[in-house]
Amino acid sequence: PSLMISNVPFAIGQLEMFGQVIDDIRFSAITPLGMYTGACTYNSRVSFSVIMSADTKVDPQKVLQFYEAEFEALYDEVMAADRKALERDIAQEPSVELIAGVFVAILALLLLVVL
C-alpha cells in the first residue's frame, strides 16, 4: 500500500462565512492508495486526519494512539529549542504550520514502523 501525506495551511486568524464565525476546518483526501494522513492548520489550531483502506490491514486506532504523545513531545522540543529567539521572532507561540509540518513528517516515519 501507498501513503499520502499532506499539510494544508489555512488562515492564521478566524474567518467568517455568511456572517457566521468558522470554528474549525478539516481537510481529508479520500483515496484508494492505502493510507492518507494530513495536518490542517486554522486559527492557531492543528487538526489531523488519518484514513486507511482495508488492504493496509492495520487498525486505525493503533495509529491514532501515537498522536497525542508524539505531538506533545514535538511541541516541548520546539518550545525548548530557543525560547528567546522564538519570542523575539514571532512574539507568540511557534507557528502551528511549522509544528504541523514537522509532526506529519515524524508521523509518517512512525507509520512506516507500525505498518
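Me: How many salt bridges does a search of the whole structure find?

Reply: As a general idea, side chains of opposite charge can pair when their charged atoms come close. A salt bridge here is a side-chain nitrogen of Lys or Arg within 4 Å of a carboxyl oxygen of Asp or Glu, and the search of the whole structure finds one. This is a predicted model, in which local features need pLDDT of at least 70 and side-chain atom pairs count only at pLDDT 80 or more, while totals for chains, interfaces and linings use all residues. Residues are numbered from 1 along each chain as its sequence is written, and side-chain values use heavy atoms, with hydrogens and water left out.

Me: Which side chains meet in the salt bridge?

Reply: They belong to aspartate 24 and arginine 26, with 2.8 Å from N to O. Aspartate 24 is partly exposed, at a relative accessible area of 40%, whereas arginine 26 is exposed, at 56%; buried means under 20% relative accessible area, exposed over 50%, and partly exposed in between (1.4 Å probe, protein chains only).

Me: What pattern does the chain follow along the sequence?

Reply: Helices (H or I, at least four residues) and strands (E, at least two) are DSSP runs, numbered from the N terminus. The chain has four helices and five strands, and read along the sequence they give β-β-β-β-β-α-α-α-α.

Me: Where does strand E4 lie, and is E4 enclosed or open?

Reply: Strand E4 covers residues 34-42, and because nine of its nine residues are buried, E4 is largely enclosed by the rest of the structure. Two strands pair if DSSP finds at least two bridges between them. Strand E1 (residues 2-9) runs parallel to E4 and is joined to E4 by eight bridges, while E4 and strand E5 (residues 45-52) pair in the antiparallel sense, also over eight bridges. E4 and E5 form a hairpin with two residues between them, and asparagine 43 in the turn has a positive phi of about 55°.

Me: Which residues make up the largest nonpolar core?

Reply: In soluble globular proteins, nonpolar side chains tend to be buried together. A nonpolar core is a set of buried Ala, Val, Leu, Ile, Met, Phe, Trp, Tyr and Cys residues joined through side-chain atoms within 4.5 Å. The largest one has seven residues: Met35, Ala39, Phe48, Met52, Val58, Val63 and Tyr67. E4 and E5 are the elements that give two or more residues to this core.
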